[in-house]
Structure formats: C-alpha cells, structure tokens
Amino acid sequence: MILLAFVACLSTVGGVYGAVTWKSSMSAEPNKSENHKLQILKTPMVSVPILSDGQVLGYVVTRLQFTADSDLLKESSVQPEAFVADEAFRLIYETAPKDLKVGRKNAIKELSENIASGTNERLGRNVVKDVMIDSWTYLSKQDMMKNHERAP
C-alpha cells in the first residue's frame, strides 16, 4: 500500500512537471517570433496634383505615418520616409482622379497596402509593416488660388 501511494505521488509530480515544462516551452516560441520591434515614422507633407483631361482639378495634400522594423532600419543606409512619400505620390497621382469621382470605400485601404508593398519592393526588404493616414485634404484649384493670394 505504501509503495502504491509512493508511485501515485511520483506520477502526479512527474505529470505536473511535464505539463509546466511543455506549457512554458509553448509560450516561449511565439515571443521569439514576435521579437520584431516596430518604430513609427512620418513622411513629409505630400502634395499631389489631380489632373483630368490635362486640367488641374485640385490637389490631394497628405501626410502618412508608417510602422517600420527598427532592426532593419538600423541596418539600412537609407531612411524609408522618402520612399514612402514617393510611392504615395505615384499611387495617388495614378489612381486619384478615378477614386475621387467614384468615391470607392476600399480605396484608402488598398492605397495603404500598395504603398507598403511598393516601398518594400523598392527597398528590397520588408521594412514597412503598415501605412496609416495622418492627414488627408483635398483642395480644389480655386482653394489653392485663394490661399496663394492670401499668402504674403
């Protein structure tokens, strides 16, 4: 009877030890894969002319924020802000006239995804993780002329 109690206690302690060891090894693995530290950066203001039939309709003025892998930023000799701003300019210039007239709901989401993927392709690394709109304004040609007249 004493031997049976000893075996039961030993198997219980062994089972608990095994479960704790297995659980701690399972929770340690995701932490290693999520060890990427992200940094939030901003682009300068980007002003994109909106053209239709050779006429300037107005301007989209935007500033973007984006998250970037801080380890890849340290290794890189170029900063991605200029690349994100340039990619945003190109994509807005190419797609905005159609999207402004139609007002597609998914246009901003697609634009953000395309800016990130296009920038990463140009940089040759997956540096930019997510692109967010910090500010977005559409100014008509008339609004721009009024603002220009008021400026000293």
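Reader: Among contacts between residues at least 6 apart in sequence, what share joins residues at least 24 apart?
Author: In the protein chain, that share is 72%. Keep in mind that this is a predicted model.

Reader: What's the confidence like, then? What is the mean pLDDT?
Author: The mean pLDDT of the protein chain is 80. Of its residues, 68% reach 70 or more.

Reader: Where is confidence lowest, and where is it highest?
Author: The lowest is helix H1, residues 2–33, with a mean of 57. The highest is strand S1, residues 38–42, at 93.

Reader: How many helices and strands are there?
Author: The protein chain has five helices and four strands.

Reader: In what order do they run?
Author: From the N terminus on, the order is α-β-β-β-α-α-α-β-α.

Reader: And burial? What part of the chain counts as buried?
Author: The chain has 152 residues, and 27% of them count as buried.

Reader: Which residues make a nonpolar surface patch?
Author: Ile108, Ile133 and Trp136 make one, of about 230 Å².

Reader: Let's take Ile108. Where does it lie?
Author: Ile108 is in helix H4, residues 107–123. Its relative accessible area is 37%, so Ile108 is partly exposed.

Reader: New topic: aromatics. How many aromatic pairs does the structure hold?
Author: One. The partners are Phe89 and Tyr93, with ring centres 5.9 Å apart.

Reader: Why is the pair called stacked?
Author: Because the planes of the two rings are at 10 degrees, and planes under 30 degrees apart count as stacked.

Reader: Where are Phe89 and Tyr93 in the chain?
Author: Both are in helix H3, residues 81–102. Phe89 and Tyr93 are four residues apart there, so about one helical turn separates them.

Reader: How accessible are Phe89 and Tyr93?
Author: Phe89 has a relative accessible area of 30%. For Tyr93 the value is 38%. Phe89 is partly exposed, and Tyr93 is partly exposed too.

Reader: What about Glu94? Which helix is that in?
Author: Glu94 is found in helix H3.

Reader: Is Glu94 buried or exposed?
Author: Exposed, at 54% relative accessibility. The cut-off for exposed is over 50%.

Reader: How far is Glu94 from Leu51?
Author: Their C-alpha atoms are separated by 9.6 Å. Along the chain, Glu94 and Leu51 are 43 residues apart.

Reader: Over to Ser140. Which strand holds it?
Author: Strand S4, residues 128–140.

Reader: Why does Ser140 count as buried?
Author: Because its relative accessible area is 17%, and buried means under 20%.

Reader: Which residues does Ser140 contact, leaving aside neighbours within four places in sequence?
Author: Ser140 is in contact with Leu57 and Gly58.

Reader: Last one: Asp53. What is its phi?
Author: Asp53 has a positive phi of about 55 degrees, although it is not a glycine.

Reader: Where is Asp53 found?
Author: In the loop between strand S2, residues 46–52, and strand S3, residues 55–69.

Reader: Is Asp53 buried or exposed?
Author: Asp53 counts as exposed, at 77% relative accessibility.

Technical notes. Residues are numbered from 1 along each chain as its sequence is written. This is a predicted model: local features need pLDDT of at least 70, side-chain atom pairs count only at pLDDT 80 or more; totals for chains, interfaces and linings use all residues. Side-chain values use heavy atoms; hydrogens and water are left out. Rings of Phe, Tyr and Trp (its six-membered ring) pair if their centres lie within 6.5 Å; planes under 30 degrees apart count as stacked, over 60 as edge-to-face and the rest as tilted. Helices (H or I, at least four residues) and strands (E, at least two) are DSSP runs, numbered from the N terminus. Buried means under 20% relative accessible area, exposed over 50%, partly exposed in between (1.4 Å probe, protein chains only). pLDDT is the predictor's confidence in each residue, from 0 to 100. Patches are made of residues with over 30% relative accessible area and no salt bridge: like charges are joined within 9 Å, nonpolar side chains (Val, Leu, Ile, Met, Phe, Trp, Tyr) within 5 Å. Accessible areas come from the Shrake-Rupley method with a 1.4 Å probe; for residues, only the protein chains shown count as cover. A salt bridge is a side-chain nitrogen of Lys or Arg within 4 Å of a carboxyl oxygen of Asp or Glu. Contact means heavy atoms within 4.5 Å.
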